[in-house]
Amino acid sequence: MNWHGIPALWCGALGLLALVGYGRSLAGMTRAQRTVRVTGRIERVREPRNGGSEKDGIAVVVRFQDPSSGEEFTVTNDGDCGDRITTAWVGREVGIHYPPGRPHLFRFTDDLQAGRRGLGPPTFAVFLVYCGLVVTAAIDRGWPWALVGFGGPAAVATARALPGDRRRARSRLDVLAAAVPVPGRVIAVLRTVETDADGDVRSSRTPVVAFTTHEGSAVTAYYPSGLPDSAVTYGQDLTVHYPPGDPADFTPDLAAERRSDRGGVGCAVAALGVTASATVAGVVLLCLSAAD
Amino acid sequence: MTTTTGRPPARSTRVGLALGRGLLTGGVAGGALAALIVGVVVGKVPLFVTGLGLPFVYGLLLFLAGRPRRAREAAVVPRTALAAVEGLHVAESAMSERPVRFDLTVTPDEGPAFRVEFTQDINVVDLPDYRPGGVLVVRYPPDRPWLMRIVKRPTPEWEERAAGARPDAAPGAARVSAPAEVRGVGFVGFLGLLLGVAAVVLLFRVDLFERGAADPPSASASGSGAGVGAGAGAAPAPAPAPAPATPTVSSTWSTRVVSAGSGVIVLGAGQSFRSDGELRRAIDSLTAERDPRSAIALVAQEDLLSVAFSPTGGKTPEFDPLELPYERIPALIEEARSSLGVHAPQSWQLVADRLAGSLSIRISVTGPEGTGLLEADVEGRVLRRTPAS
């Protein structure tokens, strides 16, 4: 067996796994398809302590009903229980999923619909097969194939996503700017000091904002992660903009939100430029080598 | 007093399983590591791939084997109870989450109270909430109460119960602790690792040691002008200059002599060029140091191989010895020995050359009945049979 056997084994095994995964999904046998997905409702929100832990999320009490037994459960987000709840108000709906018949293994989720067909693992296996083919082509026929093989799809994906993302971001900013703001306040600044994998001490801080919507919902939320918060202090008053009907998408700093949006667009354009350039360079090199 | 609840496996079974798994894990780790290294050294891709894939396969098998136990444990609904803090010790740390050693008396709604010790990280801001004599809400799997966790955010119902509860003394409460670690797992794992390495090295000892011992140092091979030694796959080196050939003896081949014009290999006792791969290995050895490796004739007998290399500027028709169908040759020899009317073959000889234009293989077999001849082409197809007469 020469070295081609290794990528053949890689692609064959992963291709088989992908086929099995797609087959299981078609047959409705994946774990994701069997998972029970329900919507719970926040019944109580506890105000965080200043200086407390930021990793546990906003403390909430949630009630949900198991559709198979009809039994109602009251739970809290204590310990390892799925996605962190960073924005909460009484009455807010939150996604909950758990294995059938085991509501005690509940997990909170930000997106109840995500991955419900169980196609993630087989699609990832297909991606790995593609990577194996590109690497084989790059070793066998020259490294420009790697530029074309990886740069091409990345450039296409970025180019396809960019206009839609840009449109949505502009629309969101327009809605936020047009919304009537409400006063908010920093009710706590959560701090974490921990050691990372290298043993270095790492610290972080997260301000917690409280505001009341025009509809009367008292919202407690972590300061948006994409915005600079080093100047935000405990007890500081803020002006909060939020889209009507979705207080979770609030921003306490509209100007910073616009700067962040421009930065995001710049990053996306740079990524598009890099991937497209790599693809073009790969194609040119291949053409030159073919001409020789 | 130390007690455990549920029905854990008998201690002897648990110890046996732990030691067996340690031995197997060590063996797989050692075997995989050795397979990776030996695969690279002897140039066997399948062995290298085996070394690469073995840990993954073993991990997958371990994962699958553990599924029933995990499913059983996941099906157990955790129990929530009140607990009184008998004592606690906060470890010194600059981190915001401090490891706290708790000593609790747990009073479940069903069953007797018990004491348990465990460590849990508590945020420094929340530390004042935990003090001796206080009442906490805890949660634990009923079959493994040593996996106790404090519920930092209890539901309103349990919060009220904890607020209204008074810590009860429970003298004589049983102390619950996790089953003791099985001793010697590390040693057994190390033993398994050594065994795994030894197994792979022993399986491939011929490729590793005999080949390595027989391979000549490249400096002496090129310096003397004669490749001396025995072993296939010798490292390529500059073409040797004409010089007196010096025979040597190895454990694999009795004699191997290579000069600028010819190469000869004599097999050791009990070995035959009729064996699968033996002829190819010998040819590889004789031609590995030559570039180009063209020959004008190849003669093989039961234990003797002789190759006449093409002289520089010679006009004799030449061929690449590696063109011969080595995988077919043992079968052709057997066919010649059995199909040419020689009932008790005493000797055989294979001659390959290009004197007739195309590369031809002639196998002659001699016995009491005379000499028979079988001719084959470069693909190993039989062209002609001349029975003994």
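Start with helix α4 of chain A, residues 144-178. At 1.5 Å a residue its 35 residues should span 51 Å, and its end C-alpha atoms sit 49 Å apart, which agrees. (The expected span is 1.5 Å times one less than the number of residues; helices, H or I of at least four residues, and strands, E of at least two, are DSSP runs numbered from the N terminus.)

A word on what you're looking at: this is a predicted model, where local features need pLDDT of at least 70 and side-chain atom pairs count only at pLDDT 80 or more, while totals for chains, interfaces and linings use all residues. Residues are numbered from 1 along each chain as its sequence is written, and chains are lettered from A and ligands numbered from 1 in the order in which they are written.

Stay on α4(A) and pick Leu162(A): a kink of about 30° lies there, shortly before the proline Pro163(A). (The bend is the angle between axes fitted to the seven residues ending at a residue and the seven starting there.) Now colour the buried residues of this helix: Pro144(A), Trp145(A), Leu147(A), Val148(A), Gly149(A), Gly151(A) and Ala155(A). (Buried means 20 or more other C-beta atoms within 10 Å of the residue's own, exposed 12 or fewer, partly exposed in between, with C-beta atoms placed from the backbone.) Among the elements covering them are α3 (120-141) and α5 (254-291) of chain A.

Next, the sheet. Which order do the strands of the 5-stranded open sheet in chain A take? Read across, you get β4-β9-β8-β7-β10, with antiparallel pairing. (Strands pair if DSSP finds at least two bridges between them.) β4 (87-88) and β10 are the edges, each with a single partner strand, so one side of each is left without a neighbour in the sheet.

- β4(A) is joined to β9 (218-222) by 2 bridges, and Thr87(A) stands opposite Ala221(A).
- β7 (182-195) and β8 (201-212) of chain A share 11 bridges; Arg191(A) has Arg205(A) as its bridge partner.
- The hairpin of β7(A) and β8(A) has 5 residues between the strands, and there Gly199(A) takes a positive phi near 90°.
- β7(A) and β10 (237-240) of chain A share 4 bridges, with Gly184(A) opposite Leu238(A).

Now show both chains: 27 residues of chain A are in contact with 21 of chain B. (Contact means C-beta atoms, placed from the backbone, within 7 Å.) On the chain A side, α1 (5-26), β2 (59-65), β3 (72-76) and β7 each supply at least two residues.

Buried residues make up 29% of its 389 residues. Select α4(B), residues 185-203: its 19 residues reach 26 Å from first C-alpha to last, close to the 27 Å expected at 1.5 Å a residue. Its buried residues include Val188(B), Gly189(B), Gly192(B), Leu193(B) and Gly196(B).

Last stop: the largest nonpolar core, of 33 residues, where Leu279(B), Leu305(B) and Leu332(B) are among those touching the most other members. (A nonpolar core is a set of buried Ala, Val, Leu, Ile, Met, Phe, Trp, Tyr and Cys residues joined through C-beta atoms within 7 Å.) Centre on Leu305(B) and look for Val264(B), Ile265(B), Phe273(B), Leu279(B), Ala282(B) and Ala300(B), which it touches, leaving aside residues up to four places away in sequence. Apart from this core lies another, of 29 residues, including Ile58(A), Ile85(A), Ala188(A) and Leu190(A).

Definitions and conventions:
Two residues are in contact if their C-beta atoms, placed from the backbone, lie within 7 Å.
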